[in-house]
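Work through the two exercises below. Try each task before reading its solution.

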Amino acid sequence: MKKICLLCVLVLMSASLDIIGMEQILARAQQSAQEPDDRQTPSQAADTTVPDAVAAAIRADLQLFPIPQSTLHPQYAVSYEDSWMSARSFGGERGHEGTDLMLSPDRRGIFPVLSMTDGVVEKKGWLPKGGYRLGIRSDRGIYYYYAHLYDYADGIEEGTTVVSGQLLGFAGDTGYSNIEGTTGNFPVHLHVGIYYDDENGQETAVNPYPFLQGLETVAMPY
């Protein structure tokens, strides 16, 4: 049955999906069948009224939803709500600087994470709050943060240039621990953060929720 399913995926793939590393997605699907938010420190400011120029830059950057739609498993689902500045306590009292894309089924390593934008990988690695994370800086200077990843796609390193739709890794439940590789402290999900530097060079968080809503109809199939 596993071989039949993998064949179905190959038939359903279009040429446009080459950029997301389909071979890695298939390899993860085989592996998962056998397998039983947050930045290091809060930004100095959280912007509830995004300057028009920043909002325009974010809208110009964003090209697709970070979790693609599975054609093989249509029951796989993504849900999210506006949790902007909701209370968080790990590592100290703080507000939630992002949006959590909750995933069903709650299984690490089966949901591909795609780059929402073109850009350059600025940060990669473990953070106690964010677990395995990536930070990608766009040409317009906006920083896009992907946290709690299960693992990374091949070739994703600091300094790597990425394009929208490129496979970054797979969603997981890493983080909330000083011990690298810790999992299981919360359900599997992708934490999405968006940041920009204001006129004083101060990193400022932006609520991703309304921008993600605008991308719901631009979810790539796989």
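**Exercise 1. Describe the surroundings of S70.**

Step 1. Start with contacts (heavy atoms within 4.5 Å). Leaving aside neighbours within four places in sequence, S70 is in contact with Y76 and Y222.

Before going on, note the ground rules. This is a predicted model, where local features need pLDDT of at least 70, side-chain atom pairs count only at pLDDT 80 or more, and totals for chains, interfaces and linings use all residues. Residues are numbered from 1 along each chain as its sequence is written, and side-chain values use heavy atoms, with hydrogens and water left out.

Step 2. S70 sits in the loop between helix 3 (52-61) and strand 2 (77-79). Helices (H or I, at least four residues) and strands (E, at least two) are DSSP runs, numbered from the N terminus.

Step 3. Is S70 buried or exposed? Its relative accessible area is 11%, so S70 is buried. The cut-offs are under 20% for buried and over 50% for exposed, with partly exposed in between (1.4 Å probe, protein chains only).

Step 4. Look at the side chain. It reaches the backbone nitrogen of H73 at 2.8 Å. The S70 side chain also reaches the backbone nitrogen of L72, at 3.4 Å.

Notes
A polar contact is a pair of N or O atoms within 3.5 Å; within protein, one must be able to donate a hydrogen and the other to accept it, and residues adjacent in sequence count only if both atoms are side-chain atoms.
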